[in-house]
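Me: I have a new structure open and would like to go through it slowly. Could you help me read it?

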Amino acid sequence: MKEIMRRCSGILFAFAVASSLFLCKASAAQASDIVLAADETTFSVDLTIEESVPFAGMEFGLTLSDESALTFTSFTPSDEIAGAMQTPFVTVDGLHGFGFYTASNAYSGKVTVGTLNFTYSGDANQVIEIAHMLVARLDESGTPVGTTREGGVLTFHISRESTAADGADEEDTDSTSSGGSSSGSSSGSSTSTSSSSTSTTNVSVTIAEEDVPLTELYIRSKYFDDVDENWPWAFAEIDTLYEAQVVNGTAENIYTPQGNITRGDFMLMLYRAYDLSAERYDNFADVPAGSYYYEAIGVAKALGIAQGDGTNFMPDDPISRQDIMTLLYRTANSLHWDLTAGSETDLAGFTDSAAISTYAIDAVATLVKAGIIQGSENAIHPLSDTTRAEMAVMLARVMELF
């Protein structure tokens, strides 16, 4: 299960922004014409972006009019983004995605992103559309935010010299400058080699900040309709746990992030997350045989993770934040994770550290020291009931580490 989580989670920033890649598929705005020689089979587009606000990465999605004649073969990153992480080269519903990310707002101004490479066969006119563009940034708290380009970004019209618009005579066509005029405020230029079977046209385009109106990017869950733009700090973790089959919704496409999670439900999440097992177990007096959390709580009791009050576990009661931390801490001990023990010194920066119950101090301090618990506005809120969103964030952070 830990390996599943590593594949699903990865770097949370990359995961968070990537989840929004294929949300927008729109009509084109600016256009650029690429006219190829009669025997040309390849061409490329050098893509430059101009953004005044620093950003951490970008994603693009492009469509092709006829994929039997036109193929997007590769994206070659430029030297300017050589240190960035590349997003997977994937296709979903005909939208080909590519992009790059860093862990900070490392780019600004005019940035050459890289080269898009294509093959082209036949004589029919073709169209390439960059139908989606996402500009990702990290805010002051490190949360992924950003903007998308709505209404399309850029369109390329592909044609042969012999079938160019307006019936231009072949003898009037200059094979050394056959591609690349652009309309709108995008800039475009092109060059090509001689008209042989190895000739390749290259077009350079710049998508400037003012070219296409910005629309605020709302990052949201891929699976739950109610985990929307109001939950930017939790949607990635909720989706990650869902993909790892740790959490389910409360109804079809509904997660209820604001709802309190019960003690029994959290034990079930923990049981699933780490495939907890015990050869023998009994259970607490108030955990009914046949209940959906019976095995999870019984196994956790046998492992010393679930202790309750010694007799009862109160599975249907809301679980406090400090109790979730305590259960995670006991799980760490049971599974022999390499966690450095925390102390009360690690809690000194929180205004409500005195409210932490004695039994939970070691657990909370250790998770704070590990960076798993960060609090909110310099407070831990140890006695507050835990929402389903908060639970997902805490559990996903632990599972990313162990």
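Reply: What follows goes through this predicted model part by part, beginning with the chain as a whole.

Me: Let's look at a strand. How many residues of strand S7 are buried?

Reply: Strand S7 covers residues 95-101, and seven of its seven residues are buried, so the strand is largely enclosed by the rest of the structure.

Me: Which residues sit on each side of S7?

Reply: On one side are Leu 95, Gly 97, Gly 99 and Tyr 101, while His 96, Phe 98 and Phe 100 are on the other, and both of these faces are covered. As a general point, side chains in a regular strand alternate between the two faces of the sheet.

Me: What does S7 pair with, then?

Reply: Strand S3, residues 57-64, pairs with S7 in the antiparallel sense over six bridges, and in that pairing Glu 59 has Gly 99 as its bridge partner. Strand S5, residues 85-86, also runs antiparallel to S7 and is joined to it by two bridges, with Met 85 standing opposite Tyr 101.

Me: What about strand S11, how enclosed is that one?

Reply: In strand S11, which spans residues 154-160, six of the seven residues are buried, so this strand too is largely enclosed by the rest of the structure. Strand S9, residues 126-138, runs antiparallel to S11 and is joined to it by five bridges, and Gln 126 is the residue that stands opposite Ile 158 in S11.

Me: Switching to helices: is H3 mostly covered or mostly open?

Reply: Helix H3, made of residues 235-243, is mostly covered, since seven of its nine residues are buried. Those buried residues are Phe 235, Ala 236, Glu 237, Ile 238, Asp 239, Thr 240 and Leu 241. After H3 comes Gln 245, which has a positive phi near 65°.

Me: I also clicked on Asn 283. Where is it?

Reply: Asn 283 is in the loop that lies between helix H4 (263-274) and helix H5 (294-302).

Me: Why does Asn 283 count as buried?

Reply: Asn 283 has a relative accessible area of 16%, and a residue is called buried when that value is under 20%.

Me: Which residues is Asn 283 in contact with?

Reply: If its neighbours within four places in sequence are left aside, Asn 283 is in contact with Tyr 294, Ile 297, Gly 298 and Lys 301. For Tyr 294 there is a further detail, namely that its backbone oxygen lies 2.8 Å from a polar atom of the Asn 283 side chain.

Me: Last topic: how many cavities of 30 Å³ or more are there?

Reply: The structure holds one cavity of that size, and the largest cavity contains about 30 Å³ of space.

Me: What lines the largest cavity?

Reply: Its lining consists of Leu 328, Tyr 329, Ala 332, Trp 337, Leu 339, Leu 367, Ile 372, Val 398 and Phe 402. These lining residues divide into nine nonpolar, no polar and no charged. Helix H6, residues 321-334, gives the most to the lining of the largest cavity, with three residues.

Technical notes: Residues numbered from 1 in each chain as written. Predicted model: local features only at pLDDT ≥ 70, side-chain atom pairs only at ≥ 80, totals over all residues. Heavy atoms only, no water. Helix = DSSP H or I, 4+ residues; strand = E, 2+ residues; numbered from the N terminus. Buried < 20%, exposed > 50% of the residue type's maximum accessible area, 1.4 Å probe, protein only. Polar contact = N/O pair within 3.5 Å; in protein donor to acceptor, adjacent residues only side chain to side chain. Contact = heavy atoms within 4.5 Å. 1 Å grid on protein atoms, 1.4 Å probe; cavity = no way out; pocket = protein on both sides within 12 Å on 5 of 7 lines; lining within 4 Å. Points joined across faces, edges and corners; volume = space filled by probe spheres on them. Nonpolar A, V, L, I, M, F, W, Y, C, P; charged D, E, K, R; others polar. Pairing = 2+ DSSP bridges.
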